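Q: Please take a close look at a single part of this chain and describe its surroundings in a connected way.

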Amino acid sequence: LTGRGTMAYLPTFAFTVFVSMFAIYVPYLILGQIRYSIPEEIEQGAFVGNIAQNLGLNVRQLSARKFRLSSDNGGRYIKVSADNGVLSIREKIDRERICGEADMCIIPFEIVLESPLEVYRGKIEILDVNDNPPTFP
């Protein structure tokens, strides 16, 4: 030792333990991924997919396990029913308003269940409907 004592190594040791624990346990939290594609401007209440069926979840346990949708911005546009696992449109989706001129428009979301904790990642691709007349130079 160089006079710094063993306390000098504590932050490095704690960080190493944290990173190791994170690397071991986090991959098990995300159990699957699912992807749907829908046309833009689909009507409110329109069916997107049956998440419970697609992920092989027991529909009878969804409410008891606090089945829910988690999304940064997608929650405004999509919703999921804890009664049957159906993902549907909450609000009419305008692709250009959400993604601008981007080639791909994706709304990411997560499905969370508790007891035991399970997290599934999902994406909804919003397909462009040619609703703008072409312009020629």
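A: Ile111 is a residue of strand β6, which covers residues 106-113. In this predicted model, the relative accessible area of Ile111 is 0%. Because buried means under 20% relative accessible area, Ile111 counts as buried.

The surroundings of Ile111 can be described through its contacts. Apart from neighbours within four places in sequence, Ile111 is in contact with Ile51, Phe67, Arg68, Leu69 and Val80, and also with Glu118, Val119 and Tyr120. A further distance concerns Ser71: this residue is 40 residues away from Ile111 along the chain, yet their C-alpha atoms are separated by 8.8 Å.

The chain as a whole gives the setting for this residue. Its secondary structure consists of three helices and seven strands, and along the sequence these follow the pattern α-β-β-α-β-β-β-α-β-β. Of the 137 residues, 31% count as buried, and Ile111 is buried too. Among contacts between residues at least 6 apart in sequence, 59% join residues at least 24 apart.

Arg95 belongs to helix α3, residues 95-99. The side chain of Arg95 does, however, reach the backbone oxygen of Ile126 at 3.0 Å. Ile126 is also among the residues that Arg95 touches beyond four places in sequence, which include Glu40, Met104, Cys105 and Leu127.

Definitions and conventions:
Residues are numbered from 1 along each chain as its sequence is written. This is a predicted model: local features need pLDDT of at least 70, side-chain atom pairs count only at pLDDT 80 or more; totals for chains, interfaces and linings use all residues. Side-chain values use heavy atoms; hydrogens and water are left out. Helices (H or I, at least four residues) and strands (E, at least two) are DSSP runs, numbered from the N terminus. Buried means under 20% relative accessible area, exposed over 50%, partly exposed in between (1.4 Å probe, protein chains only). Contact means heavy atoms within 4.5 Å. A polar contact is a pair of N or O atoms within 3.5 Å; within protein, one must be able to donate a hydrogen and the other to accept it, and residues adjacent in sequence count only if both atoms are side-chain atoms.
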